[in-house]
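Here's a quick briefing to read alongside the model.

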Amino acid sequence: MFNHTGDRQRQQALRRAASSTGHVRDEVQLSKVLASEVSRRLLELSLSQDNFAASCDALFGEPFPCSELMFKSPMLTDKTTIIHAALPLEPMLACVELVLGNDCTRTHDITKMPQDAAENLEQDARRCREHRVKSFFGWLRNAKKVRRIVKLVVNDNPWYPCGNNIIQSCLSGFDIRYLDWDKQDLSIYALEQKGVSPNLQELWLSWSGRDSALFGWSNTEHGVGMLKKLRTLYVTPNSSWEHEETDEANFELFRSILRKHIPNLSVQDSTGSYTALDDTESRSEAQGAQKQGNDWLDAVAVFKKALRNKLSLQQRKSMNGVVKVAIIDDGVDLEDLDTTDYIVGGWHADRKAPDHRHMNAWYFSEEKHGTEMARLVQRVWPYTSLYIAKIETRRRVFQSVAESAAAAIDKAIENGANVISMSWTLYASQLGDNNDGLSRLKKAIERAGERDIIMFCASEDIGFINNPYKRPYPATDCDLRIMKRVGSAGAYGERSDYVNPKEVDYLFPGEIAMSQKEICSGSSAATALAAGLTALILWCAALQTSPATLTKARLANTKTKLVTTGYDLPLRGDPLNTGPNESMTIATPISDRAMELPVHPKRADTKLTDYSWMTNGNPQPEPEDLNFQSHQRMCGLFDALRSSKENPLVNISPLLRKAATSEDPALELVMLCKVKAHEFFEKGTMANTMRRR
């Protein structure tokens with residue numbers, strides 16, 4: 001018989017369980033709705049703080065985070081989105097700053113053109129500019145998934161600004177709280193017509209001087225009164241159609257009208273002018289073009305061309321991030337670089353919410369100095385990975401500057417830099433105000449030295465003038481075993497007149513023609529080239545991790561004789577001796593640092609020069625003697641390459657030219673450098689033995 005009583009009990013239990021589950025589901029759903037509402041209100045509370053800085057503190061905390069929350073372009077171009085494609089951006093950005101230039105017409109002298117042709121060209125330029133800015137905001141909206149921009153600053157073209165429909169299209173879909181679109185007599189009705197800016201809290205308006213614009217803005221139905229959340233209005237007079245007294249009277253009338261209808265609105269006359277950076281003047285023109293060549297740079301170009309022709313694009317890209325140069329300077333303008341594919345990140349020292357129209361970012365260089373240094377590193381080898389650490393380089397005796405330099409070195413260490421380039425000088429304050437900062441800088445340099453990061457700093461370009469009250473850092477009071485001072489050499493390898501030979505360890509070219517009209521000069525440029533050459537050698541060594549570059553005998557044995565050098569090398573420890581299934585350690589681990597490099601795509605087998613005759617049957621060197629990721633090895637190589645005892649020019653030209661003729665330029669250069677370094681240390685060992693005798 002069936003137990004109907006038991007069945008009924010089970011059915012009742014199931015109904016109770018279902019009822020209970022539904023109740024729990026309702027509670028979970030209610031909790032999600034409640035959490036969402038709480039999050040929304042907290043976000044709105046943070047966005048509605050008294051000012052932009054307070055909102056940033058509430059939203060992002062202190063210290064202010066870096067690049068992921070900001071975007072700045074000194075001049076919006078067709079390449080801007082491509083150049084910044086790899087830049088990580090959050091759905092909510094703290095600040096976006098753009099400059100809409102007139103680059104479409106800079107290549108033409110419109111003053112020499114007929115009026116109709118000039119006007120047509122300007123109109124074409126305007127359409128080009130409008131398409132570009134629409135595409136940029138579309139890129140933010142669709143590719144980067146940006147939804148909120150706390151502050152937006154756009155420096156429009158003053159003569160042919162964007163139309164209202166373009167501005168509406170750009171702003172549509174973004175939650176913006178602070179807006180400064182620098183277009184004269186901007187239509188507020190156009191902003192609000194399609195609900196583009198319902199949450200605006202502060203607004204900057206550029207006034208042409210026409211009273212019609214003021215009274216249009218004061219209209220309660222189609223003007224400022226439409227912006228219900230607006231708290232502060234800044235009006236900037238840019239030109240005057242009336243007498244100054246009339247303008248003042250009109251503005252006071254405008255203010256009184258708004259005060260009457262919107263008593264809580266603060267109206268301010270923002271007379272602080274702002275001049276956008278003109279990229280036509282971003283690089284200094286030389287007083288006279290440098291006509292003579294430079295054998296050092298010519299040799300670099302010959303080797304670079306030979307090596308690039310041997311490598312596929314996939315091979316070059318596979319090396320991205322393997323060898324990193326940290327450029328500690330005033331930032332880098334990405335638009336001015338030959339390539340941005342190998343920028344691996346950045347950091348800047350300013351850790352507070354950006355000031356209005358003065359947003360700070362590592363991918364923006366006020367003085368263009370850091371940009372030139374990055375270009376010089378790329379001139380040696382454009383596939384070197386760059387990490388950009390931005391510090392303040394103008395206020396040279398401030399405590400904060402020295403501290404920011406120390407923090408920048410720590411950031412370079414944290415991000416795995418192999419080389420650090422410092423083309424700047426700080427000074428000790430006569431009052432000792434920045435002693436603590438300089439002490440931190442020295443300790444940061446020591447920490448980098450413990451990890452065998454190769455560091456170069458620029459010598460001070462003051463010739464033989466010696467001021468005991470103005471000691472340059474980091475060129476003085478640093479451990480010269482881990483920090484090398486670089487000075488400038490002329491086109492023929494001679495020491496530049498402004499370089500004190502007692503204050504430098506090496507000379508590199510420092511009077512460099514960047515173009516027909518541009519010359520970058522000084523020990524700063526020489527320092528960047530020193531970092532670039534170091535990275536090139538490390539890069540070529542790291543490239544040898546490909547199994548195709550290893551002979552069958554080397555793959556079969558853990559220790560075998562290299563026919564090309566006559567050296568017995570173990571697989572681990574030497575960049576040229578890595579098995580096919582293991583990562584390569586480019587540097588013998590020092591302290592807690594051991595940089596592991598990935599195995600890269602295969603390269604064709606090559607025929608190499610036989611250097612075995614140079615060893616003369618001497619005992620084989622230790623593996624660390626062949627390791628260039630160390631101060632001792634790399635500086636030993638540079639010492640061996642000095643032109644003479646009196647002239648410390650690092651003359652790598654013969655090695656580069658010889659390696660360029662090889663079937664495998666990268667491996668050939670590494671082998672030539674190793675033999676040169678081996679000879680240097682062998683001579684040093686023999687000299688020490690003779691002294692002991």
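A search of the whole structure turns up 0 disulfides. Keep in mind that this is a predicted model.

**Cysteines**
- Cys 95 is in no disulfide, and the nearest cysteine sulfur, that of Cys 56, sits 7.9 Å away.
- Cys 95 is also buried, because its relative accessible area is 1%, under the 20% cut-off.
- For Cys 162, the closest cysteine sulfur belongs to Cys 170, but at 6.3 Å it's too far for a bond, given that a disulfide needs the sulfurs within 2.5 Å.
- Cys 162 counts as buried too, with 1% relative accessibility.

**The sheet and its helices**
- There's an open sheet of 7 strands, running in the order β1-β2-β3-β4-β5-β6-β7, with parallel pairing.
- Its edge strands are β1 (70-73) and β7 (266-269), each of which pairs on one side only.
- From one strand to the next, the twist averages 15 degrees.
- Inside the sheet, β2 (residues 92-99) and β3 (residues 148-155) pair in the parallel sense over 7 bridges; Val 96 has Leu 152 in β3 as its bridge partner.
- Helix α2 (residues 52-60) packs on the sheet, where it touches β2, β3 and β4 (175-181), and its direction makes about 135 degrees with that of β2.
- Helix α5 (residues 164-171) lies across β3 and β4, at about 145 degrees to β4.

**Salt bridges**
- The count comes to 22 salt bridges.
- One of them joins the side chains of Lys 72 and Glu 97, at 3.6 Å from N to O. Lys 72 is in strand β1 and Glu 97 in strand β2, so this pair ties together parts that are 25 residues apart in sequence. Both Lys 72 and Glu 97 are buried.
- Arg 126 and Glu 130 make another, with their closest N and O atoms 3.2 Å apart. These two are 4 residues apart in helix α4 (residues 115-143), so about one helical turn separates them. In an α-helix there are 3.6 residues a turn, so residues three or four places apart point the same way. Arg 126 is partly exposed at 25% relative accessible area, whereas Glu 130 is buried at 13%.
- Arg 440 pairs with Glu 403, the closest N and O atoms being 3.1 Å apart. Arg 440 belongs to helix α13 (residues 435-450) and Glu 403 to helix α12 (residues 399-414), so the bridge ties together parts that are 37 residues apart in sequence. Both ends are partly exposed: Arg 440 has 48% relative accessibility, and Glu 403 has a relative accessible area of 27%.
- Salt bridges with shared partners also link Glu 44, Arg 148, Asp 175, Arg 177 and Lys 229 into one network.

**Cores and helix α16**
- The largest nonpolar core has 135 residues, and those with the most contacts inside it are Phe 137, Trp 181, Leu 203, Phe 508 and Phe 638.
- Helix α14 (residues 523-542) supplies the largest share of this core, 15 residues.
- A second, separate core has 33 residues, among them Ala 389, Val 401, Leu 441 and Ile 453.
- Leaving aside residues up to four places away in sequence, Phe 638 touches Phe 456, Tyr 506, Phe 508, Leu 533, Thr 534, Ile 537 and Val 650.
- Phe 638 is one of the buried residues of α16, which also include His 631, Arg 633 and Met 634.
- In helix α16 (residues 631-640), 7 of the 10 residues are buried, so the helix is largely enclosed by the rest of the structure.

Key. Residues are numbered from 1 along each chain as its sequence is written. This is a predicted model: local features need pLDDT of at least 70, side-chain atom pairs count only at pLDDT 80 or more; totals for chains, interfaces and linings use all residues. Side-chain values use heavy atoms; hydrogens and water are left out. Buried means under 20% relative accessible area, exposed over 50%, partly exposed in between (1.4 Å probe, protein chains only). A nonpolar core is a set of buried Ala, Val, Leu, Ile, Met, Phe, Trp, Tyr and Cys residues joined through side-chain atoms within 4.5 Å. Contact means heavy atoms within 4.5 Å. Two strands pair if DSSP finds at least two bridges between them. Axes are lines fitted to C-alpha atoms, for helices over the stretch in contact, and angles run from 0 to 180 degrees between N-to-C directions. A salt bridge is a side-chain nitrogen of Lys or Arg within 4 Å of a carboxyl oxygen of Asp or Glu.
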